[in-house]
Amino acid sequence: MILFSLIGLSLNLTAQKLTVDNSDFFYQIAPVYGFKQSILSLTFDDGYITQFTVALPLLKERNIPATFYIITGNIDSVTKSIISNNISNDYELGSHTVTHADLVKIGIEDAKMELLDSHSFLHRNFGMNAGLTMSYPWGIYNSSIKQIVKGIYLAARSTDVGYNSFDKFDRYALKMQSFDKRTGTYRANPWIDFAIKNHLWLVEMIHGINNIGYSPIDSRVLIEHLDYIAKAKDKIWCSTISNVIKYMDESNNTEVKCELCTDSVFQFRINDFLDDSIYNQPLSFKIKVPSSWDSITVSDGIKFTTEYDNKSKFILFDAPPDNREITVRPKSISVPGKESGIRFIYMSSNPFHDYIKLTLEVLDQQDIDIVLCDINGRLLSHQKEKNAIGVINLNFDTFGVSTGVYFIRVNSSGGGKIIKKVVKI
Ligand SMILES: [Zn+2]
């Protein structure tokens, strides 16, 4: 004889862990770090001393990262020691070749040497994260130069005027907006506004500062501009060229794999399958969690924020895609109250007729979605009730369903959720 034993799942952590339909596990990788609208990368060319003695302290005070494109053959011991003491993940050292040569004019072999030698000099002297990107001297390049650059660098900045769109940009000819000695903040600050409004990646190029170097700007102009950037930081992600490129490459390659996703725990791995010694930029994630989860904790001391969107609950956090295991769990699970608008009344089985009868009460008119699935989340039966209201009776045909453990899940468009375990003996 076929028997059904019915066990109502009580909603607390001592309840048995259930493997529910994995399609419930929803995640999103932010197009831009921190779910910001736009990106800004400040770049300084030629390695003039005031870039490090004047600009760098101003940047650091405001926590604004930047990329410095150095002519490695020109670097003196004073500049080198200042750089060594200040270099960090936020302050990138890129290549501007060895001698600031016109790469198109000097011939392929010499161009290769300029690009390779400056790259290895930066790597050797300033670590793995130096020399990952470059900028073309005089902004001069052609397709064969680009080809060589592709073999050595992750990206290259041109002097072509414009903005870079997230989904379609030439990483070996990044466009920019240029500061020269006549550029005031009345001209430069609107670049920031434009990038934010249009969701673009703005790259700025600066040369000399305070009478030193090519077309120098006054540090007062720089201060005014940096203050303007600092105020817009919640809308624009300020980062180095290489970290932006890493973010894009990682997010395009990242897979989030759920290892154990139940009603009381999410355990998953984030992996981009790239070399973690270089691709170390954290990505920003949004993960949907059951709205009944309270006092959520995330493993590894990962900080997160909670967000609601039409009664769905999400957590937002940053993590590097280095295949570590991340566990999200609630300290408590709240019992759905009346506000979810759906209430379980009765579930029975009839061993003689091979069906399960389910009775629900829908308090506010809404759509109801009822699913019968097996322990692996495989869907066996599915029913939808549009605009349901009042007491609803549903029958689940279980004829031919083999013995084992099953779950009935009820989701309502109002955010209500009911799970019942059914054992067919
Ligand atoms: Zn230059």
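1. In which helix does V244 lie? In this predicted model, V244 belongs to helix α7, which covers residues 241-253. The points below begin with this residue and then turn to the domains and the nonpolar cores.

2. Is V244 buried or exposed? V244 counts as buried because 29 other C-beta atoms lie within 10 Å, where 20 or more are required. Leaving aside residues up to four places away in sequence, V244 touches I39, S41, W201 and S239.

3. The protein is divided into domain 1 (23-31 + 252-333), domain 2 (37-233) and domain 3 (338-424). Between the C-alpha centres of domain 1 and domain 2 there is a distance of 34 Å.

4. The largest nonpolar core has 69 residues. Within this core, I39, L40, A155, A156, A195 and L202 touch the most other members. Strand β10, residues 200-206, gives the most to the core, with 6 residues. Because domain 1 and domain 2 both give residues to this core, it lies between them. In soluble globular proteins, nonpolar side chains tend to be buried together.

5. Which residues does A195 touch, not counting residues up to four places away in sequence? The contacts of A195 are S38, L40, Y163, L200, L202 and I236.

Terms used: Residues are numbered from 1 along each chain as its sequence is written. This is a predicted model: local features need pLDDT of at least 70, side-chain atom pairs count only at pLDDT 80 or more; totals for chains, interfaces and linings use all residues. Helices (H or I, at least four residues) and strands (E, at least two) are DSSP runs, numbered from the N terminus. A residue is buried if 20 or more other C-beta atoms lie within 10 Å of its own, exposed if 12 or fewer, and partly exposed in between; C-beta atoms are placed from the backbone. Two residues are in contact if their C-beta atoms, placed from the backbone, lie within 7 Å. Domain bounds come from an automatic or database domain assignment. A nonpolar core is a set of buried Ala, Val, Leu, Ile, Met, Phe, Trp, Tyr and Cys residues joined through C-beta atoms within 7 Å.
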